Amino acid sequence: MSYRHNDSGRLIDRSQTLTFTFDGKTFTGHPGDTLASALLAGDRMLVGRSFKYHRPRGIVASGVEEPNALVNMGHGNRMEPNQRATTTELFDGLTAVSQNRWPTLDSDIGAMNAAIARFLPAGFYYKTFLWPRAFWKNVYEPFIRQSAGLGRAPTEADPDSYEHFHVHTDVLVVGGGVAGLAAAKAAAATGLKVLVLEQTHYWGGRTPVDGGKIDGMPAQEWIDATVAELEAMRNVTLRTRTMGAGVYDHGYALGYERLTDHAPDAEGPRHRLWRIRARQIVTATGAIERPLAFAGNDVPGVMLASAMRDYLVNWGVVPGQRIVVATNNDDGYRTAIVLKKAGLDVLRILDAREAGGGALMQEARDLGLRIDCGRGIGKVSGGKRVKKVQICVTTGTGGAMEALDCDAVAMAGGWSPVVHLWSHCGGKLVWDDAQAHFRPDPAKAPTGADGLPFVTTAGSASGPMALGSVLQDGAAAGTRAAKAAGGKGRAPKVPVAEDVEEAAMLPVWQMPARAEYRLKSKSWLDFQNDVKVSDVELAAREGFESVEHTKRYTTLGMATDQGKLSNINGLAVLAGALQKPIPQVGTTTFRPPYTPISIGAIGGSARGDIFQPVRMTPMHAWHDVHGADWEPVGQWRRPYAYPQQGEKVEEAVQREVTNTRDNVGLLDASTLGKILVRGPDAGRFLDMLYTNMMSTLKVGRCRYGLMCSENGFLIDDGVVARVGEDAWLCHTTTGGADRIHAHMEEWLQTEWWDWKVHVANLTEQYAQIAVVGPKARQLLESLGGMDLSAETLPFMAWADGELGGIGVRVYRISFSGELSFEIAVRAGQGLALWEKLVEAGKAFGVMPYGTEALHIMRAEKGFIMIGDETDGTVIPQDLGLDWAISKKKTDYLGKRAQERSHMTDPTRWKLVGLETEDGSVLPDGAYAVGRGKNANGQLVTQGRVTSSYHSPTLGRGIAMGLVLHGPDRMGEVLEFPGTDDKVYRAKIVNPVFFDPEGAKQNV
Amino acid sequence: MKRYSAFAIAREGFRAHKGWDRAWTAPEPRKNYDVIIVGAGGHGLATAYYLGRNFGITNVAILEKGWLGGGNTGRNTTIIRSNYLQDPSAAIYEKARSLYETLSQDLNYNVMFSPRGLIMLAQTHHEVRGYQRTAHANKLQGVDTEWISPTRVKELCPIIELKGPRYPVLGGLYQERGGTARHDAVAWGYARACSAMGMDIIQNCEVTGIRTEAGRVRGVSTTKGEIDCQKLGIVVAGHSGVLAQMAGFRLPIESVALQALVSEPIKPCMDVVVMANTVHGYMSQSDKGEMVIGGGADGFNNYTQRGSFHHIEETVRSLIETFPMVSRLKMLRQWGGIVDMTGDRSPILSKTPVDNIFINCGWGTGGFKAIPGSGWGFAELMATGESALCEAFSLDRFRAGRFIDESVAAGVAH
Amino acid sequence: MQRFTCPFCGLRDEREFSFAGESGKTRPDTAAEVSDADWSAYLFTGTNPRGRTDEIWVHTPCQEYFRMIRDTVTMEVLETVPLRRDPS
């Protein structure tokens, strides 16, 4: 059984008891426990099921590398899947549920998969489930999906909040172990800004577990003193519970702080994403111990040797009472020694090396422990708990020499530096034969914007594992980073520690070396994804020779732990199968984040109402109060219509059109772009920008203009007013304002840089109100202040003046075919003028109208709309706008492009009006069918509907469309198959449906 | 080639899986081939496969600089759909989609094509109009799609929030037979089938030069020696520019990073694939249970296979608005792929200025879904010199101004 | 996320910038005959280099276009200069 052993446990506070539940059963623990240590204390060894075979799984590690102990935590809208028990700090009232099992963890139906595991090798699903064809989607796949997937998904919106921090620092140190602290101290001594991130809630990493003396004092004392020293420095920031998640280009790094995961009742955000800009980054990320691959190494009770020591020293917990230790290096002895000293029964140390180890072996022997050299584990038996270990010769085939009854196994396979952060941004690795691991290659560091290295590794993350070397490397890394970041001054004294001499380790990738298939097929590499030695060998045999192929074929290293325990072992097995040296097989790519981070934290605080800023016109609040039905238009919101009490939106639109045509309507046109173009060459510039001539426009007059891209396509339209000798005001579409402004700047700066022109985007400086309808002039005259008669202000003219005491500029332009004035006013007075117009307009039946009424009225008049009649593939010539293309100009943007063969092709579809025979509304976007099929078997088309509305003015449907030879086919009837399986018939007509003579607008 | 089946697995299960052949052989290059395909990604392998299957051309070598399927084929979000707007696009993507339906059986390799349904969300009025237009076009193109209401969207995808404050769901374009497939398996399945037809897939073999004579291809120089060929197909995505330069012509191609991420695996919660183009986010749930999320592309040239994190932030933030539950999931892994974009964002499947050199590139963000159709059409073009599927995608369209523009959402409203 | 130096505003985050095209392209003189091929090359064909690249970018907040020499593989930024000033 696993239990709370004695009064050890340096991280827990035994004076307080916390209560929590796992799978509905109540357990207790102490502050300082992780969920994993508390479960072990409560003899809960079985904590999960593996992904594929649903094998029983116990806790194997003590940190972020844990592949097995994943639980569903919380409930309701705070439920969260796949929480790692080893990094979950215990709190009172925690509720956890095991995953990937049904109906219960102890009797899981899915475990049947384990019984037929021999038929489910790596990639079996690529070779079967082929017939019958429909079964993949409807039978096989649902079954596979249901049995995979680990935790349950939350279903509701997340009630917690998240936020981002933006931090600039000279040196970022990731990892608060002794190497990180030594690095921080060295860097901080230069006076530079130093930020230190530690993923756990305590400093010092694993050193206090392993013991040793630093600068003559016990490790913990040195750690406390150093942290106190750093805390006292104003240039140093220390942060626990904050993981270095990723390193990106140019010294950008992400920190992931878990603020309330351990205290769910606390106020404030749950997670915080630190967006860090560092001149230099020191990754003091430590090392992770590798498991050994022997048969049954996945049985609950088999644990990493270092983890077993962590559980005992940190939390006073042991996974069993009769323990076997298997190792291929000296470090494994530390676990045996710690266990023995705590009074536990260490049955045997199996050292894979014929010659055994060094001083630590001697110490173990002196403690009376029995050591078998050249021996290893042939097989571990037991279902949900270790029961027996068979001992074999390491170099043999697995024949059992002896069996030991035991209830826990510690495995020590050697250590691999955590190279993730080093690798995220391109740092390269080098194979270290002596320690059988990949370590960072300092000559090939990630480089920054200046082409120089910006990441340096410290401590065991660099490769050395002994305390003295770790400290030395840490301090040197801090000094190096500070120097590279521009720090000056002497480095402080390097902390020193005495190292125990260790004997060389022996790489053991399969125990025993010549194991038979039956053992290899039970020797796990990836515990969560159920990848065994036999699977990697099968992949190699089948030609998946690249490590990327093998990883993908077997799913090795693709689980939630991203291969922290399995990558090197898997790689070595693959290299062995291919008979190639390990470095030639290479490694897979390390991708951020180091461990999974919440998507909520990535999103940050910008959610719900503050998800994105909303741009508001000066009249926005008025529209809101008066019932506007909003339509998002880019970042703006514009009133689509103003439905009245009991009125449907569509009805409101029809009313708004009718009222504007009969009386007078108001439109908030403030969102339209207003760009001032000014300078001696402004006319010349606009002549290049627009298809028509703008330089000849007279001051005081307006002209409608079209703009094309250099590729020939129509990109924007609007009215241009000449507002001075050297100044023009260009109106653009709402969406075009920023885009066209940028377009102008680009041409002026890159190509016509010597032209004397400057442009300014005044869109938000002015509110603009369209006063539209037969009573528009009367309404404005009732406000008084300026002469708006047809004689003084004819169509397509503008004038400055005053209305109701407010300074205005009035443009007499029309997008509706009505008598229409667009009134520009300083933004600050927009609402005042609007309200005056509403008040004074009561006598004339004024009503505001929205974008949809605007659309209908323009369609009734046959005016095109950018985005409706155009879609990025349409040129002005398609739209019958040849009148707006100057014949006199030798050049304008788009002109050359429009001369290409496809642009002048007479078969391009051209703009026409379309009228259904029965007056109904043509489906928007419908295509007209032609005759027969094309070479790809598609029905031939000969046109399409670009806009379609019910016109209240005409009392029937009207539409515009682009049709093959359209203008030459007036009166012809086309067929438009609808998506409702009806065929709509419509006649080709002139696109100007209403008042073709312009009698209404020209009064 | 030993056939794969449940029976074969059962047999091997009793003999330690010793009897499985190599999925593909590892030959050394011969001196001469009828056809050389450069690039053993999905498109290159599919081209070789259909050259053999449809035209009996099997004296073929497929040269790969790295490992087969190691490029964008194994680095995408695996979405398959064919509801494109323009006729040429709809034709080639629908050909591909229909081939995917039977690909597992054709290749005797389970590529796990899962027609689980795909919704393209309309979140602005402009998108509503755009997708309704596409629905009409698809009807005449023989592509099975339909416009669906928000209520139906919610039925198909219960985790969706219809009433976002910024981008409410106004409906969607639904393709019932759209879905996903296992990306690696597509490359592996084609590779195995090519190898079984006697073709040589030569990995770790980089082309360093292209030999021409009198405007006609003669062969290629590689890191494994000189190899002659009658015809050469260049199918190398982001490296097309480099190969084109070797042959003496240039391409309208840019290489940019496109990013994606996956969450930790969770039990099934989303059966359909959802694309939200307004916010540049795509999401589906893999068979393993991971939520696979695709984001937008960087706007500049980049060959690093990593993009900028702020794009991930923006994608994720928008997805949280539309799928609030994802906030509590965790991001497991993020990565970037380098995609090759043309001037009109549609691919190039074309003859080139050099006789008997053909190029297939420019798939941008949409290449995976096209693999079978692209291979089918490109094989036809290489074998016969003509292909209706490829015709509109020729290189000369950029000269004539005959673009195939799928980005109709580029318009704006007044 | 990268950082670039706007020659006018200084060092800023990548998200403030937009790529505007490769340097060195000049609009063909349309007064003379321009072939379709040349027009197409002007519009669409770039060098798309793997390695050192010479580009035009714009710093959105100040709206100034400038020239940047950078590396598309290492992400090194070699130099940013105002337009029409030679890089060193």
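Guide: Happy to! This is a predicted model, in which local features need pLDDT of at least 70 and side-chain atom pairs count only at pLDDT 80 or more, while totals for chains, interfaces and linings use all residues. Residues are numbered from 1 along each chain as its sequence is written, with chains lettered from A and ligands numbered from 1 in the order in which they are written.

Let us start with the sheet. In chain A, six strands form an open sheet in the order β43-β44-β45-β42-β36-β46, and the pairing is mixed. Helices here are DSSP runs of H or I with at least four residues, strands are runs of E with at least two, and both are numbered from the N terminus. Two strands pair if DSSP finds at least two bridges between them. At the edges stand β43 (798-803) and β46 (846-848) of chain A; each has a single partner strand, so one side of each is left without a neighbour in the sheet. From one strand to the next, the twist averages 30 degrees. Angles run from 0 to 180 degrees between N-to-C directions, with axes fitted as lines to C-alpha atoms, for helices over the stretch in contact.

Now to one pairing: β36 (residues 664-668) of chain A runs parallel to β46(A), joined by three bridges. Opposite G665(A) stands M847(A) of β46(A). Helix α20 (residues 649-662) of chain A packs on the sheet, where it touches β36, β42 (766-772) and β46 of chain A. The direction of α20(A) makes about 120 degrees with that of β36(A). Residues are in contact if their C-beta atoms, placed from the backbone, lie within 7 Å.

Another helix, α24(A), lies across β36, β42, β43, β44 (806-811), β45 (820-826) and β46 of chain A, at about 20 degrees to β42(A). Helix α24(A) has 12 residues (830-841), which at 1.5 Å a residue should span 16 Å, and its end C-alpha atoms are 16 Å apart, in agreement. The expected span is 1.5 Å times one less than the number of residues. Its buried residues are G830(A), L833(A), W834(A), L837(A) and G841(A). Seen down the axis of α24(A), they fall within an arc of 100 degrees, so they line one face of the helix. That arc is taken over the directions from the helix axis to the C-beta atoms. A residue is buried with 20 or more other C-beta atoms within 10 Å of its own, exposed with 12 or fewer, and partly exposed in between.

Elsewhere in chain A, the W102(A) to P103(A) peptide bond is cis, with omega near 0 degrees, and P103(A) sits in the loop between β8 (95-98) and α2 (112-115). N82(A), although not a glycine, has a positive phi of about 55 degrees; N82(A) belongs to strand β7 (residues 80-84) and counts as buried, with 24 C-beta neighbours inside 10 Å.

Finally, the two chains meet: 93 residues of chain B are in contact with 97 of chain A. On chain B's side, helix α4 (residues 125-141) gives the most, with 11 residues. Strand β33 (residues 597-598) of chain A also pairs with β16 (residues 330-342) of chain B, antiparallel, over two bridges; S598(A) has K330(B) as its bridge partner.
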